[in-house]
Amino acid sequence: MNKTVLISGAGIAGLTLAYWLNRYGYKVTVIETAAGPRKGGAAIDVRGEAVGIADRMGILDKIKVKKITTSVEFVDADNKCLATLKNFGEDNLKQDIELNRDDLVAIIYEAANTDIEYLFNNRIKTIHQDNDKVLVTFENGEKLNFDFVFGADGVHSSVRKLVFGDETLYNHFFGAYFAILKVEETLGKLNRGKLFNLPNKLAATSDNGNSFVLFRSPKLNYAYRDDAAYKNILMENFAGCGWKTADILKAMTNSENLYFDEVCQIKMSSWTKGRIALIGDAAHCSGFPTGMGTSLAMQGATILANELMTANGDYNSAFSKYNSAFHPFVEAIQGTIINGLDFLVPKTEEAIKVRNAMLN
Ligand SMILES: Cc1cc2nc3c(=O)[nH]c(=O)nc-3n(C[C@H](O)[C@H](O)[C@H](O)COP(=O)(O)OP(=O)(O)OC[C@H]3O[C@@H](n4cnc5c(N)ncnc54)[C@H](O)[C@@H]3O)c2cc1C
């Protein structure tokens with residue numbers, strides 16, 4: 001087969017799709033804005049079906065080696081334990097491996113690094129498609145034709161914007177923002193997290209130095225990727241909150257590696273248009289309180305690749321099956337976000353006590 005594909009985004013979804021399409025005989029190019037596979041983030045979960053997918057990709061053992069043992073305590077302002085989250089990360093989906101996002105990205109990249117062309121520090125600028133091909137212009141001015149283009153460029157996807165329309169058409173905001181700080185040095189695999197709540201706010205830090213904050217807020221007006229604006233917002237929301245929030249704020253505001261975003265979901269009735277399809281957060285971000293973004297990314301990429309392989313060239317049929325096979329599961333997962341948020345950031349002191357009592 002000489003079909004050519006361009007995948008925008010070398011995150012979990014993009015790398016998984018690159019792995020499978022390369023294996024199925026496509027000529028794969030991956031374009032990524034970062035200087036290499038995008039690093040950053042803290043712990044993520046490979047759950048349920050995604051564990052079997054990792055096994056079929058031949059990377060399950062490597063993932064298991066990087067598994068983090070996590071224990072989580074909710075504490076009061078004096079750091080006294082109020083409740084313990086038992087079996088964190090081993091929920092009723094039975095199969096769950098928690099590891100650092102950087103480790104998973106590195107493992108999938110290593111598996112998907114043969115016969116695949118990577119264009120780092122670059123991005124798609126324009127896309128035009130007709131019945132036979134997709135013409136893409138890159139930021140560096142180069143123009144190339146591909147048989148298919150896949151947007152795996154995350155929740156604020158530019159492929160989605162170029163092909164399907166503005167993000168506001170698909171983004172559902174859940175009234176909360178979060179920030180993650182991952183430190184480079186970690187102290188081993190045991191990841192003891194302590195979580196401190198005030199009504200509508202959560203601050204957390206772990207013994208490997210990572211920290212995390214989450215807070216409810218009406219929609220804020222700031223420029224996406226404006227680091228200084230993120231830091232001001234965090235100061236306004238967490239200054240004087242007590243416990244270790246002063247240390248967490250200091251670490252976050254001094255960092256050049258802060259990941260800040262809104263809690264939102266992407267909902268689309270179709271993830272495909274002509275010869276172009278979206279996968280991962282670009283297609284169906286479920287919001288981190290569901291704990292399923294990474295697993296959905298691996299699952300969707302694998303379903304899409306399998307449908308393309310079995311459709312024997314009939315990409316319309318493959319894309320249609322990808323949409324119909326995967327939408328119900330995605331919607332069920334997206335439906336769990338409110339419970340996840342209420343658990344992590346109860347709205348009142350009373351609700352915090354009820355949550356803690358439920359855990360004890
Ligand atoms: C830096 C970072 C840190 C994260 N940390 C966490 C975390 O701690 N916990 C958690 O639950 N989830 C985290 N996530 C989100 C999580 O990775 C995803 O929800 C999930 O893995 C689905 O992956 P994805 O591949 O669809 O999206 P992502 O992992 O977001 O990957 C998208 C990729 O597309 C690239 N990209 C973006 N725009 C363009 C463009 N215009 N052109 C080309 N490439 C582009 C990005 O650099 C990135 O490599 C993080 C994501 C990122 C990018």
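In which loop does Val 183 lie? Val 183 sits in the loop between β12 (171-181) and β13 (190-198), where strands (E, at least two residues) and helices (H or I, at least four) are DSSP runs numbered from the N terminus. The model is predicted, so local features need pLDDT of at least 70 and side-chain atom pairs count only at pLDDT 80 or more, while totals for chains, interfaces and linings use all residues. Residues are numbered from 1 along each chain as its sequence is written.

**Val 183**
- Val 183 counts as partly exposed because it has 15 C-beta neighbours inside 10 Å, the class between buried (20 or more other C-beta atoms within 10 Å, placed from the backbone) and exposed (12 or fewer).
- Leaving aside neighbours within four places in sequence, Val 183 is in contact with Gly 209 and Asn 210, contact being C-beta atoms, placed from the backbone, within 7 Å.

**The sheet**
- Six strands form an open sheet with mixed pairing, in the order β7-β2-β1-β11-β18-β17, and two strands pair if DSSP finds at least two bridges between them.
- The edge strands, β7 (116-119) and β17 (272-273), each pair on one side only.
- β2 (residues 27-31) pairs with β7 in the parallel sense over four bridges, and Ile 31 stands opposite Leu 119 in β7.

**Around the ligand**
- Of the 31 residues around the ligand (C-beta atom, placed from the backbone, within 6 Å), Gly 9, Gly 11, Gly 40, Gly 41 and Gly 280 come nearest.
- The helices α1 (12-23), α8 (281-284) and α9 (293-310) each supply at least two residues of this shell.

Terms used. Two residues are in contact if their C-beta atoms, placed from the backbone, lie within 7 Å.
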